[in-house]
Structures are given as structure tokens and as C-alpha cells.
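Please look over the notes below with the structure open beside them. They are arranged as numbered points.

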Amino acid sequence: MTRPTMTQSFDPSEEDGRLFRNALGQFATGVTIVTCDAGDGPLGITANSFSSLSLDPPLVLWSPAKQSSRYPFFAAASHFAIHVLAHNQADLCTGFARNGDAFAQADWLRNADNVPLINGCLARFECQTEACHDGGDHTIMVGRVQRVSMGTGAPLMFHAGRYGQFSAD
């Protein structure tokens, strides 16, 4: 088995942010779309900063960028939903990365809290905002999961700036 070779070492506070971002991109993640009601309609954003936090109580987190034009709506939302995308939902992912109103591409409905819910995902977590914490240029948003829906299929993955599909060895 060939092991990867470390080609660079640097202090991220002294180097350009792109290099640090490239290093972070070496961590393969799943991809989500987070949705909320923006008051004048549904809003969504693509995010890979999703993680489980606690089983008891059931908590998850995600971290929106403060400079995003969509940030104020998510920061003010009392409820939101996180949708884990399937491998065949890359176009939906790209749509919400570019535009918070890409709902025409999706099969969706609203829940009792008026949160837009996208159908056909691998998993969906309907959350009430539990806490928000400063995270530098992002905010760490903790959600208390109130309802979970699950599907089946392969996940959409993100690695080194590209979307792909998981393949088990």
C-alpha cells in the first residue's frame, strides 16, 4: 500500500487563506442543503459543515459563513431543516450553492413550523435552533432534532472542490 506524501507544511495564519482552504478540502464530507423560512419565502443553502453533536438530547450542528447574504435569515430562524443529499442530487446541490431560491429544482413541502422540506434525500433532520456560538468567520448553529426522515441510496460526497460518489473498497 502506498502512503500519501506530505508535500507542504505551513502556518495557516501566515499563509494565504486559499492554501488553508485547499488543505481543509482534503477531508471528504457529505453534502447537505439547509433550509429555513425567510419570512417572504423559503430559503436554502448548500453546506458541508454538518455534524452530529449529541444523541441525548438529539443535537446536530452546522456552520454558516457570516459574510453570506443568506446568513441573517438562518441566524434569525427559530427552526431549520438539514437535508443529507444522495449521489444523484449534485445539480440540486449546485443550484442551492448559487441561489437560495432553487426550490423549482426540488420536490418540496412545508412542515408545521413553515420550514421547507426537500423530498428524496438520504436523511432529513427537522430542527429547532438550540444555540448559536461564535466560530470566527462562521457561526456554529446547534439544532435540537425534532423529527428525522430517512431514505436509502449512496451519498453525495465533496472532496478537493469536487462532487463525487462514495465507493466502498
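1. Is Asn 114 buried, partly exposed or exposed? The model is a predicted one, and in it Asn 114 has a relative accessibility of 33%. Buried would require under 20% and exposed over 50%, so Asn 114 counts as partly exposed. Asn 114 sits in the loop that runs between strand E7 (108–110) and strand E8 (116–118). Its phi is positive, about 70°, although Asn 114 is not a glycine. Most residues other than glycine have a negative phi.

2. Ala 160 is another entry under this heading. Its phi is near 50°, a positive value in a residue other than glycine. Ala 160 is found in the loop between E11 and strand E12 (162–165).

3. The bond that joins Asp 56 and Pro 57 is cis, with omega at about 5°. Most peptide bonds are trans. Pro 57 belongs to the loop between E4 and E5.

4. Next comes the sheet. It is open and made of seven strands, and the order across it is E3-E2-E6-E9-E10-E5-E4. The pairing is antiparallel. Strand E3 (42–47) and strand E4 (50–54) are the edge strands, each pairing on one side only. On average, neighbouring strands of this sheet are turned by 35° against each other, direction ignored.

5. Within the sheet, strand E9 (residues 123–135) pairs with E10 in the antiparallel sense, over twelve bridges. One of the facing pairs is Thr 129 with Gly 143 in E10. E9 and E10 form a hairpin that has two residues between the strands. Gly 136, in the turn, has a positive phi of about 70°.

6. E10 also pairs with E5. Strand E5 (residues 59–62) and strand E10 (residues 138–150) run antiparallel and are joined by four bridges. Leu 61 has Val 142 in E10 as its bridge partner, and Leu 59 stands opposite Arg 144 in E10.

7. Helix H3 (residues 90–98) lies across strand E2 (32–37) and E3. The angle between H3 and E3 is about 110°.

8. Which residues lie nearest the centre of the largest pocket? They are Arg 21, Asn 48, Ser 49, His 138 and Phe 158, out of 36 residues in the lining. The elements giving two or more residues to this lining are helix H1 (17–24), E3, H3, E10 and strand E11 (156–159). H1 gives the most, with six residues.

9. The volume of the largest pocket is about 1,300 Å³. By class, its lining residues divide into 16 nonpolar, 16 polar and four charged. Rolling a probe the size of a water molecule over the atoms shows where empty space is left.

10. The second largest pocket has a volume of about 250 Å³. Its lining consists of Thr 5, Met 6, Thr 7, Gln 8, Phe 10, Leu 19, Asn 22, Ala 23 and Gln 26. Four of these residues are nonpolar, five are polar and none is charged.

Methods
Residues are numbered from 1 along each chain as its sequence is written. This is a predicted model: local features need pLDDT of at least 70, side-chain atom pairs count only at pLDDT 80 or more; totals for chains, interfaces and linings use all residues. Side-chain values use heavy atoms; hydrogens and water are left out. Two strands pair if DSSP finds at least two bridges between them. Axes are lines fitted to C-alpha atoms, for helices over the stretch in contact, and angles run from 0 to 180 degrees between N-to-C directions. Contact means heavy atoms within 4.5 Å. On a 1 Å grid over the protein atoms alone, a cavity is a set of points where a 1.4 Å probe fits but cannot get out, and a pocket is an open set with protein on both sides within 12 Å along at least five of seven lines; lining residues have an atom within 4 Å of a point. Grid points are joined across faces, edges and corners, and a volume is the space filled by probe spheres set on the points. Ala, Val, Leu, Ile, Met, Phe, Trp, Tyr, Cys and Pro count as nonpolar, Asp, Glu, Lys and Arg as charged, and the others, Gly among them, as polar. Buried means under 20% relative accessible area, exposed over 50%, partly exposed in between (1.4 Å probe, protein chains only).
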